[in-house]
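Try each task before you read its solution.

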Amino acid sequence: MFKERIYSDWSELGMVLLSGVVTYAAILIYTRLAGLRSFSKMSAADFAMTVAVGAIFASTMSSSTPTLVVGLTALAVLFVGQWLLAFLRRNSQSFSQLVDNQPLLLMAGNQMLDENMKRANVTKSDVYGKLREANALKYDKVLAVVFETTGDISVLHSNASDASLEHDFVRDVIDHELIYDQNHSV
């Protein structure tokens, strides 16, 4: 039993090599056809695509099931689905709203928005960590902190006393109007 878990015959290793090379080449070709968006981190669908491609690649390469043809077909279906999803998102605002998460404001100026942090399941410690990572030094230099559709947190800050935030940069962010509220320093 020990030997079976460690060693394999050369034909099996050859199939792993062949499956790996062919599957990897197919992923590169599919990516060229569908576009680099296939592996972006812009939405939950993009994340799911990346995970699914990795899982299919690993299982096709390291196991006899799925077969190489089934694995390549599964990858093709994923890439076509990703391309179709991107096409529909681009061309239909209602479809885009249905499948895409919307960014959420976590801080407006120097004020943390507790309800939005609760909604995003983010703690103050998470926000403090992102503020440090962004090299924000003072509350009054923070213009906004946004929970992005990818789960990333963006910190918009400036040392300039007259800094302002371009409205277009945050117009799709939930509660963005709080940034421009009279009570905030932005």
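**Exercise 1.** Is Asp-114 buried, partly exposed or exposed?

Some ground rules before the solution. The model is predicted, so local features need pLDDT of at least 70 and side-chain atom pairs pLDDT 80 or more, while totals for chains, interfaces and linings use all residues. Residues count from 1 along each chain as its sequence is written, and side-chain values use heavy atoms, with hydrogens and water left out.

*Solution.* Step one: get the cut-offs, with buried under 20% relative accessible area, exposed over 50% and partly exposed in between (1.4 Å probe, protein chains only). Step two: Asp-114 has a relative accessible area of 42%, so it is partly exposed.

**Exercise 2.** Find the salt bridge partner of Asp-114.

*Solution.* Look for a side-chain nitrogen of Lys or Arg within 4 Å of a carboxyl oxygen of Asp or Glu.

**Exercise 3.** Which salt bridge does Lys-130 make, and how far apart are the N and O?

*Solution.* Lys-130 pairs with Glu-133 at 3.3 Å. The two sit 3 residues apart in helix 7, so about one helical turn separates them; helices here are DSSP runs (H or I, at least four residues), numbered from the N terminus. Lys-130 is partly exposed at 25%, whereas Glu-133 is exposed at 61%.

**Exercise 4.** Work out the exposure of both partners in the Asp-168 and Arg-171 salt bridge.

*Solution.* The closest N and O atoms are 3.3 Å apart. Asp-168 comes out partly exposed at 48%, and Arg-171 exposed at 53%.
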